[in-house]
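Q: Can you walk me through this structure? I'd like the local geometry and contacts.

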Amino acid sequence: MNKKTYKTLEFNKVLEKLSTYTQNDSVRERIAALEPSCDSNLVRAMLKETTEAAGILLRRGPSPGFKITDVTSAISRVERGGVMTMGELSKLSAGLNTCRRLKAYIEDDKISEDTSVWGISSTITNLKNVENEINEKII
C-alpha cells in the first residue's frame with residue numbers, strides 16, 4: 001500500500017492505539033513496524049487468531065497483568081560464559097512467571113483447545129522449577 005492509503009485509513013492512529021495495550025518496549029517497536037497485508041490468506045489467518053483471542057477474553061475476562069522485560073542481552077552474555085546480575089535474574093524470573101500464567105490462562109479455556117491460539121500457547125514451556133530456583137537464590 002502507498003503512503004496516501006495509510007494516511008486515509010489513519011493507520012498510524014490504529015498503531016498508536018494498539019501500542020497503548022503493552023508495557024513492553026520491544027513489543028511497541030514491533031507494533032510500530034506493522035504493515036497491512038494484501039495477502040488474503042494471511043489476513044484470514046490473522047483475523048481467525050484475533051477472533052479466537054477475543055473469544056478467550058470474553059469467556060475468561062481480562063488476562064492477568066503481564067509484563068516481560070527483555071533479557072536477551074543477559075542471556076547472550078550467559079551463553080558466552082558470563083553471569084547475570086541479581087536484577088536480570090529477577091526480571092528473568094518475572095518473565096518466566098508471566099509465561100507460565102499466560103499459558104495457564106489460555107489453556108484453562110477448554111473451548112479454545114482446537115484453535116491456533118491454543119497452538120501458540122503449546123509452544124510456551126512451563127519452567128516453574130527454574131523460576132523457583134532463581135527466586136530461592138536471589139531472595
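Q: Start with K67. Buried, partly exposed or exposed?
A: K67 is partly exposed, because its relative accessible area is 46%. Buried means under 20% relative accessible area, exposed means over 50%, and partly exposed lies in between, with a 1.4 Å probe and protein chains only.

Q: What kind of model is this, and how is it numbered?
A: This is a predicted model, where local features need pLDDT of at least 70 and side-chain atom pairs count only at pLDDT 80 or more, while totals for chains, interfaces and linings use all residues. Residues are numbered from 1 along each chain as its sequence is written, and side-chain values use heavy atoms, with hydrogens and water left out.

Q: Back to K67. Where is K67 found?
A: In the loop between helix 4 and helix 5 (72-79). Helices here are DSSP runs of H or I with at least four residues, numbered from the N terminus.

Q: Which residues does K67 touch?
A: Q23 and T98, not counting residues up to four places away in sequence. Contact means heavy atoms within 4.5 Å.

Q: And what separates K67 from E88?
A: Their C-alpha atoms are 14 Å apart, and the two residues are 21 residues apart along the chain.

Q: Switching to packing. At what angle do helix 4 and helix 6 cross?
A: Roughly 85 degrees, and the axes of helix 4 (residues 40-60) and helix 6 (residues 86-107) come within 10 Å. The axes are lines fitted to C-alpha atoms over the stretch in contact, with angles from 0 to 180 degrees between N-to-C directions. Helix 4 and helix 6 are therefore roughly perpendicular, a label for angles of 65 to 115 degrees.

Q: Which residues meet there?
A: I56, L57 and R60 in helix 4 meet A104, Y105 and I106 in helix 6. That contact divides into five nonpolar residues, no polar and one charged. Ala, Val, Leu, Ile, Met, Phe, Trp, Tyr, Cys and Pro count as nonpolar, Asp, Glu, Lys and Arg as charged, and the others, Gly among them, as polar.

Q: What about phi of E10?
A: Phi of E10 is near 55 degrees, a positive value in a residue other than glycine. E10 sits in the loop between helix 1 (3-9) and helix 2 (11-19), and E10 is partly exposed, with a relative accessible area of 40%.

Technical notes. Helices (H or I, at least four residues) and strands (E, at least two) are DSSP runs, numbered from the N terminus. Angles under 35 degrees count as roughly parallel, over 145 as roughly antiparallel, 65 to 115 as roughly perpendicular and the rest as oblique.
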